Amino acid sequence: MSSTNTGTPTPKSITAPGLLKQKQQGRKIVSLTCYDYTTARLLDDAGVDILLVGDSLAMTVLGYPDTVSVTMEEMLHHARAVSRGTSRSLVVADMPFMSYQLSTHQAVENAGRFMQEARVSAVKLEGASPMVLDGIRHMTAIGIPVMGHLGFTPQSVHTIGGFKVQGKSLKDAKTLLEDAQKLQDAGVFALVLEMVPVEVAAMVTSQLDIPTIGIGSGNNCDGQILVVDDVLGRYPDLSPRFVRRYLESDVLIKEAIQAFRQDIETGAFPNNETEAFGFPSDLLPSLGDTGRSENTDQTPQPVS
Ligand code: KIV
């Protein structure tokens, strides 16, 4: 056992099979997205169970309007940084759009890159198409843990026609329940349910042995995930109703930067005594001569 900053005892490290036990014991799974080393260290230390290197970084870090533009190389770059900052949390990498939809071979190869090059512990894929299910079966067969993702699947935003709740008709709810079962049968160790009605998410959660991780799907899931920038209040472009802000960091950051700017403009920063380095005092008298002898064209500057 190790201990976080708050003194709460936490298990040494989170594993995919450990999350199944967590569901069985009725302990909620705490998850956040994470895209960089410094934030990974903070979240790991705060006791977050799963750090998802979500392709939402396309929007929150890279400024794209949706997730479809982010590439394998960009995802690997961020996944490596998060892995380096993590010692306890389970790091899951989102497989980006077009990195697993072409063939099972392509899907397994790219999942392997996340494991080998970024040293994550699992990957996440969206949907339950026959191709995705086949990819999951192959990955799990060779030892790559996979997380599923149903409901609103952001990589299909252009087919869905916007950020919309999924599973609202009887037919759609039934399809969702069937897809969830197919994903469990294919071998996923956990399932993200995004923007699914509370009652449908509850049914999926009680139907499955594996844990469900909800986002905008109510309180009956086995765990919850949110985008870290939403929780910290530093991504203003979207504010879905399911987000709860625990910090208004955009306000705090702007105030801090304005104070910094003001200190520079007034000369209050830096303080030469405490925030800079002085020349050795015994050599100070000769400093002017040094400038004169080395460069005869240069007018000696008084040292203050
Ligand atoms: O990319 C992401 O951030 C996600 C979560 C919202 C589940 O897939």
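## Aromatic pairs

Searching the whole of this predicted model turns up two aromatic pairs. In the pair formed by F152 and F163, the ring centres sit 5.3 Å apart with the planes at 40°. An angle between 30 and 60 degrees is neither stacked nor edge-to-face, so this pair goes down as tilted.

## T153 in the β7–α7 loop

T153 is also placed in the loop between β7 (146-151) and α7 (157-160). Is T153 buried or exposed? Its relative accessibility is 10%, and the cut-off for buried is under 20%, so T153 counts as buried. If you skip the neighbours within four places in sequence, T153 is in contact with E126, G127 and I160.

## Around the ligand

Which residues surround the ligand? They are T33, L52, G54, D55, S56, D94, K124, H149, V192, I215 and V227. By type, this shell splits into four nonpolar, four polar and three charged residues.

An N or O atom in the side chain of D55 is 3.0 Å from an oxygen atom of the ligand. For D94, the distance from a side-chain N or O atom to a ligand oxygen is 3.0 Å, and for K124 that distance is 3.0 Å. Taken alone, the ligand exposes 250 Å², and the protein buries 97% of that.

Terms used:
Residues numbered from 1 in each chain as written. Predicted model: local features only at pLDDT ≥ 70, side-chain atom pairs only at ≥ 80, totals over all residues. Heavy atoms only, no water. Helix = DSSP H or I, 4+ residues; strand = E, 2+ residues; numbered from the N terminus. Buried < 20%, exposed > 50% of the residue type's maximum accessible area, 1.4 Å probe, protein only. Contact = heavy atoms within 4.5 Å. Near = heavy atom within 4 Å. Polar contact = N/O pair within 3.5 Å; in protein donor to acceptor, adjacent residues only side chain to side chain. Areas by Shrake-Rupley, 256 points an atom, 1.4 Å probe, with all protein chains shown as cover. Nonpolar A, V, L, I, M, F, W, Y, C, P; charged D, E, K, R; others polar. Phe/Tyr/Trp six-rings, centres within 6.5 Å; stacked < 30°, edge-to-face > 60°.
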